[in-house]
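Hi there,

Here is the structure I promised to pass on.

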Amino acid sequence: MAGLSSTQLRKFQEDGFLVLEGIFSPNECDIMREQIQKIIAEMEIPSHCRIEFSTQEEEQLRSQGNTDYFLTSGDKIRFFFEKGVFDKEGNFLFRPENSINKIGHALHAHDPVFKSVTHSLQVQELVKSLGLEVPVIVQSMYIFKQPHFGGEVTPHQDATFLHTKPLGRVLGVWIALEDATLENGCLWFIPGSHTGGISRRMVRVQTNSGGCTNFIGSEPVYEESRFIPTPIQKGGLILIHGEVVHKSELNRSPHSRHAYTFHLMESKDAQWSQDNWPDTSSVECDPCSRLGQLST
């Protein structure tokens, strides 16, 4: 496919996000879904590493934000689970494949299927048309949004967690592997909210007991009326500016909402913040991590 048209580029610049239908074929989406099932089939998670994922700030800091399993996942493929899927001993209350919230954060580096999608010509053309010159892949995730209880994602800006100097150098690419609807938890955005900087940062800090994270600043309360939904069909893609405010609701429907998403940083004339999660040792800065340059 070609890159963005001038109208699409202007729309992204004004809104901070752009919905693009039909970027990947249904078959390409099915291949990714089949591959993630193979990864799940080989999953072995010790009970002490069974982390429930949350976007609520206090729960983030208490669970994944203070756990090595999460903090060292930037260059690995690791598993994070929905709330309420374990008993007190850490045993699954549901089938493991129905309990996963997401798998991250280096599918793009270690799995051939997701590496190929991340470096695909479709993605390269889109990113090039946005003006990125030396884009580096910093993290990737497969998100499940399980039927009936797939957790909400509270309003946030990606640059809170993926901070650069200067700001404005992070781009999210979100690929719908199933139809994302109002019922199963599609993304919602505040158009134009990418122009005012960021309100908080998650930073790594060192303590006597090891590494952990903390938040600087706080997320404001946003008026619900400012958000607009972005339902999208299977194979569609959403470009997400690192500072645009977005969220998704709890999935109460009987249908899952699988998505593959990854983030890029424009590395030309920009720095990855040293106290980011993931830290610089987890962000691949060698030439093979640059978009379009696959290692052999």
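Let me start with histidine 258, which touches Arg33, Tyr142, Ile143, Phe144, Ile175, Ala176, Leu177 and Glu178, leaving aside residues up to four places away in sequence; a contact here means heavy atoms within 4.5 Å. This is a predicted model, in which local features need pLDDT of at least 70 and side-chain atom pairs count only at pLDDT 80 or more, while totals for chains, interfaces and linings use all residues. Residues are numbered from 1 along each chain as its sequence is written, and side-chain values use heavy atoms, with hydrogens and water left out.

Histidine 258 sits in the loop between strand 14 (246–248) and strand 15 (259–266). Its relative accessible area is 6%, so histidine 258 is buried (under 20% relative accessible area; exposed is over 50%, partly exposed in between, with a 1.4 Å probe and protein chains only).

Now for the chain as a whole. It has seven helices and 16 strands, taken from DSSP runs numbered from the N terminus (helices: H or I, at least four residues; strands: E, at least two). Of its 296 residues, 53% count as buried. Among contacts with a separation of 6 or more, 82% are between residues 24 or more positions apart.

As for confidence, the mean pLDDT (the predictor's confidence in each residue, from 0 to 100) is 89, and 86% of the residues reach 70 or more. Over residues 60–66 pLDDT stays under 50, and the model has 24 contacts beyond four places in sequence for them. Residues 284–288 are also below 50, with nine contacts beyond near neighbours in sequence.

Best wishes
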